[in-house]
Amino acid sequence: TKARLEPPELKLMSTEPRGEGRRVRLNLHSNRGARFLQLVLAADTSPVRYYVGGNEVEPIPSTGESDKGVTRLVFLGVQLRDVEVTIDFENSGPVTAYLLDATTGLPQNAAGMLDVRPPLASPAHGGDMAMVFREVAF
């Protein structure tokens with residue numbers, strides 16, 4: 001059974017040219033009160049830096065084999081608060097990314113999964129989680 005969960009939202013607040021690139025200001029929001037939001041930028045998007053709460057942060061691209069060069073902006077403890085992030089890009093072209101959120105526990109319509117879980121099986125790491133993602137463009 002597919003769970004019908006409301007995906008997180010991204011609103012483009014502003015975009016302005018910066019030399020050869022551009023600066024975008026985004027508002028991110030979890031409609032489900034998720035404990036974290038994550039914006040995943042592809043390697044070819046070339047983020048230079050980003051700002052959260054007026055603080056500058058240098059993006060650190062992933063070095064793993066399967067996601068080499070991908071930049072993940074992770075925001076913890078957001079629940080129902082909005083997250084405003086400003087990102088400077090080297091390029092001025094459109095960006096396609098993934099926005100995801102994660103809540104603790106399984107959705108109500110996934111209760112049947114617990115019924116078939118073997119008695120010796122237990123949730124690991126973050127425990128049972130429900131993650132929802134959507135493709136976004138800005």
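This is a predicted model: local features need pLDDT of at least 70, side-chain atom pairs count only at pLDDT 80 or more; totals for chains, interfaces and linings use all residues.
Local features were taken at pLDDT of at least 70 and side-chain atom pairs at pLDDT 80 or more, whereas totals for chains, interfaces and linings use all residues. Residues are numbered from 1 along each chain as its sequence is written, and side-chain values rest on heavy atoms, with hydrogens and water left out.

A salt bridge was assigned where a side-chain nitrogen of Lys or Arg lies within 4 Å of a carboxyl oxygen of Asp or Glu. Eight salt bridges were counted under this rule. Accessibility was classed by relative accessible area (buried, under 20%; exposed, over 50%; partly exposed, in between; 1.4 Å probe, protein chains only).

One of the pairs is R23 with D88, with an N to O distance of 2.6 Å. This pair links distant parts of the chain. R23 sits in strand β2 (residues 21–29) and D88 in strand β7 (residues 83–89), 65 residues apart. Strands are DSSP runs of E, at least two residues long, numbered from the N terminus. Both R23 and D88 are buried.

R49 pairs with E56, and their closest N and O atoms are 3.0 Å apart. Salt bridges with shared partners join R23, R49, E56 and D88 into one network.

R18 has 39% relative accessibility, so R18 is classed as partly exposed. E16, at 34% relative accessible area, is also partly exposed.

Note on methods: Helices (H or I, at least four residues) and strands (E, at least two) are DSSP runs, numbered from the N terminus.
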